[in-house]
Amino acid sequence: MTPFGAAPGWPAVLRDGPVVLRPYRRSDAAAWSEVRRANRAWLAPWEPSAPGDWNELNSIAAYRFVHRDQRKSARRGESMPFAICLEDRFVGHINLGNVVRRAFCSAYVGYWVDGRVAGRGVTPTALALVVDHAFRHGGLHRIEVNIRPENKPSRRVVEKLGFREEAYHPRYMHIDGAWRDHIGYAMTSEEVAAEGGLLARWHRVRAAAS
């Protein structure tokens, strides 16, 4: 059941093993700031350009504005922002954004994870969880992910999960000081329904590789 005043599928807590996706809390400020500041070299090349100093933009004080904007967007049904946690430890972010309903029922996904936990399956698990949630409970039909060609780790995530590469977007977004090309990937609900969802597909892919 959707709480009064909330959008379909929001709020929610999603889990697979130690990976937990949950709404952000005011108390996440210190952990969010520490992870963001510690990962400047890991994250800055892939994020939208923003004027100002990285440490200031990712300070505890800045988090208050980030959290406020996330809550407003989620309440309007425009997004579903989740903190990515390993059990109780904050390690990243994933968001269903630009949610469009009616005849489209689509959204874009953006994500980042603490480089100190990269390579442990956290990001593909989080992406699989959020896509399944979007299809089953969020009323969405299509999910898109746009990634810079040079961002090979992020491209490996979507390719392992079976997202289709379907477009090349020249000078798509202003990132790290310049207009950057992106590759467009997408998936619809029909493409994973027969497999029991994207998380089930990811479990099979992971088991086959182990």
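## Basis and confidence

The model is predicted; local features need pLDDT of at least 70 and side-chain atom pairs pLDDT 80 or more, while totals for chains, interfaces and linings use all residues. Residues are numbered from 1 along each chain as its sequence is written, and side-chain values use heavy atoms, without hydrogens and water.

The average pLDDT (the predictor's confidence in each residue, from 0 to 100) is 94, and 97% of the residues score at least 70. Residues 1-5 stay under 50, and the model gives them seven contacts (heavy atoms within 4.5 Å) beyond four places in sequence.

## Arg22

Arg22 belongs to strand β2, residues 19-22 (strands are DSSP runs of E, at least two residues, and helices runs of H or I, at least four, numbered from the N terminus). Its relative accessibility is 7%, so Arg22 counts as buried (under 20% relative accessible area; exposed is over 50%, partly exposed in between; 1.4 Å probe, protein chains only).

The side chains of Arg22 and Asp28 make a polar contact at 2.8 Å (N or O atoms within 3.5 Å, one able to donate a hydrogen and the other to accept it; residues adjacent in sequence count only if both atoms are side-chain atoms). Phe82, 60 residues away in sequence, has its C-alpha 5.1 Å from that of Arg22.

## Thr125

Thr125 sits in helix α5, residues 122-136, and is buried at 2% relative accessible area. A polar atom of its side chain lies 2.7 Å from the backbone oxygen of Gly121. Beyond four places in sequence, Thr125 contacts Asp16, Val19, Leu199, Trp202 and Arg206.

## Tyr108

Tyr108 lies in strand β5, residues 106-113, and is partly exposed at 31% relative accessibility.
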